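This briefing covers a single protein chain. Please have the sequence and the coordinates open while reading.

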Amino acid sequence: MFAILVAGRLVQTECTQVSETQFLFDVQDADSVNHVAVFLTGLQPFPDTHGGAVYFSWPDPSGAARWQLLGHISNNKPSAIFKLSSLKKSGEDIANPFGAAPAHHLAQIGISVEPLDQLAAQVPAGGAAVSTSDTFTEFANKTLESLFNYASSFASTATPSAGEATLPLSVLQNWYMTFRRRLEQNPLFWRT
């Protein structure tokens with residue numbers, strides 16, 4: 001029913017069913033893991049009134065597991081990408097004076113099937129960041145600003161030489177403002 005995808009690794013569909021409503025995925029060598037995608041495989045949907053709370057466990061320096069809520073998935077939101085790097089803080093790194101190999105931590109992703117109204121009331125951990133179209137919107141805005149600034153640097157009041165096409169800076173500025181407005185209204189407008 002569930003799967004996870006860690007960047008640079010194969011999709012992981014094998015999990016341990018802890019109870020009727022709880023499932024665990026082990027993430028080997030999790031020290032270098034920064035993002036994980038959690039999703040429904042499509043083989044079986046949630047019951048209409050339920051979804052899955054997604055949790056992350058990273059061992060603290062004492063070795064005990066520390067569980068943090070990342071967010072949730074549901075039939076209406078069958079996948080989510082979570083940023084984990086800020087959740088793995090384990091204190092200050094100290095160089096190993098004995099030259100032994102560094103520890104490779106085992107992290108876990110847990111999914112708990114719960115009622116949707118209960119999921120809506122839960123608040124994800126402070127460092128958990130769900131990737132959204134806001135990141136894309138920010139990227140698009142920075143790209144547009146860069147293009148506008150670059151093109152503006154060539155602005156000149158001199159008469160163009162023969163055979164050289166010119167573009168009034170106001171045309172680029174109008175396009176930029178229109179594109180930015182449409183992006184704010186619907187970050188995925190460019191797909192249509």
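The points below go from the overall fold to one strand and then to the nonpolar core. The model is predicted. The chain has 192 residues, of which 28% count as buried, and it contains three helices and nine strands.

**Overall fold**
- Along the sequence, the elements follow the pattern β-β-β-β-β-β-β-β-α-β-α-α.
- Among the contacts with a separation of 6 or more, 71% are between residues 24 or more positions apart.
- The accessible surface of the chain is about 12,600 Å², and carbon and sulfur atoms account for 56% of that surface.

**Strand S5 and its partners**
- Strand S5 spans residues 50-59, and eight of its ten residues are buried, so the strand is largely enclosed by the rest of the structure.
- S5 runs antiparallel to strand S8 (residues 107-115), to which eight bridges join it.
- Ala53 has Ser112 in S8 as its bridge partner.
- S5 is also joined by eight bridges to strand S6 (residues 65-73), again in an antiparallel arrangement.

**Nonpolar core**
- The largest nonpolar core holds 26 residues, and Phe2 and Ile109 touch the most other members.
- Two or more residues each come from strands S1 (2-6), S3 (22-27), S4 (35-40), S5, S6, S7 (79-83) and S8.
- S8 gives the most to this core, namely four residues.
- Beyond its neighbours within four places in sequence, Phe2 is in contact with residues including Phe23, Phe25, Phe39, Phe46, Ile73, Ile111 and Val113.
- Thr13, Leu40 and Thr41 are also among the contacts of Phe2.

Definitions and conventions
Residues numbered from 1 in each chain as written. Predicted model: local features only at pLDDT ≥ 70, side-chain atom pairs only at ≥ 80, totals over all residues. Heavy atoms only, no water. Buried < 20%, exposed > 50% of the residue type's maximum accessible area, 1.4 Å probe, protein only. Pairing = 2+ DSSP bridges. Core = buried A, V, L, I, M, F, W, Y, C linked by side-chain atoms within 4.5 Å. Contact = heavy atoms within 4.5 Å. Areas by Shrake-Rupley, 256 points an atom, 1.4 Å probe, with all protein chains shown as cover.
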